Amino acid sequence: MVPANGFLPRDRSARIEIAKFLLSGVGNPTDTDGFVAACAAFLSPRELPAETPPVTVLICTYNRVHLLPEAVASARQQDWPVHIIVVDDGSTDGTAEWLAAQADITVLTHTPNRGKPAALDTGIAAVATESFLVLDDDDKLFPGSIRVLCQALTENPAAVAA
């Protein structure tokens, strides 16, 4: 169930329209842009809290320069402050060159490749924010995802994960 803290449609009829869109099978089911466009008119925008501590988005990658830019773009487009860390686990496909051109990303590099668990260890050790999210290099975040997760954590102080 989606929490009612900013990402739930305003009314029942809006939810029904979104459900119809999802069930219609129109378009490519792996293309989230159509879904996001269908939902945009129905989402309840929320103002950010006065204090919005940044969240680190940690991405580990190995030879996936063809996918990495979309994952990074989805993190950059969040409506919550983010710090992006990418661990390049010894890529040989141009990943290092692409990352070198990204001024707003903290890049950590393994040479040679040490595997995903080692890349995660390296990245988590570099996290300086209170909260972090691990995003695979072939994933994309929905707009507002980090806001929804952070609000859920804020509203449930005993929670350690969302």
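Mentor: Let us begin with a definition: helices (H or I, at least four residues) and strands (E, at least two) are DSSP runs, numbered from the N terminus. This is a predicted model, in which local features need pLDDT of at least 70, side-chain atom pairs count only at pLDDT 80 or more, and totals for chains, interfaces and linings use all residues. Residues are numbered from 1 along each chain as its sequence is written, and side-chain values use heavy atoms, with hydrogens and water left out.

Trainee: Which helix is R76 found in?
Mentor: R76 belongs to helix α3.

Trainee: Is R76 buried, partly exposed or exposed?
Mentor: R76 counts as partly exposed because its relative accessibility is 35%. Buried means under 20% relative accessible area, exposed over 50%, and partly exposed in between (1.4 Å probe, protein chains only).

Trainee: And what does R76 touch?
Mentor: Leaving out residues up to four places away in sequence, R76 touches I84, Q102, D104 and I105. Contact here means heavy atoms within 4.5 Å.

Trainee: Turning to the core, which residues touch the most other members?
Mentor: In the largest nonpolar core, of 17 residues, these are V57, I59, V72, I84, V86, L135 and I146. A nonpolar core is a set of buried Ala, Val, Leu, Ile, Met, Phe, Trp, Tyr and Cys residues joined through side-chain atoms within 4.5 Å.

Trainee: Which elements give two or more residues to this core?
Mentor: They are β1 (55-61), α3 (68-76), β2 (82-88), β4 (131-136) and α6 (145-155). Of these, α3 gives the most, with four residues.

Trainee: What does V72 touch?
Mentor: V72 touches I59, I84, V86, W98 and I105, not counting residues up to four places away in sequence.

Trainee: Now the cysteines: is C60 buried or exposed?
Mentor: C60 counts as buried because its relative accessibility is 8%. C150, at 10% relative accessibility, also counts as buried.

Trainee: How many disulfides are there?
Mentor: The count is zero disulfides, where a disulfide is a pair of cysteine sulfur atoms within 2.5 Å.
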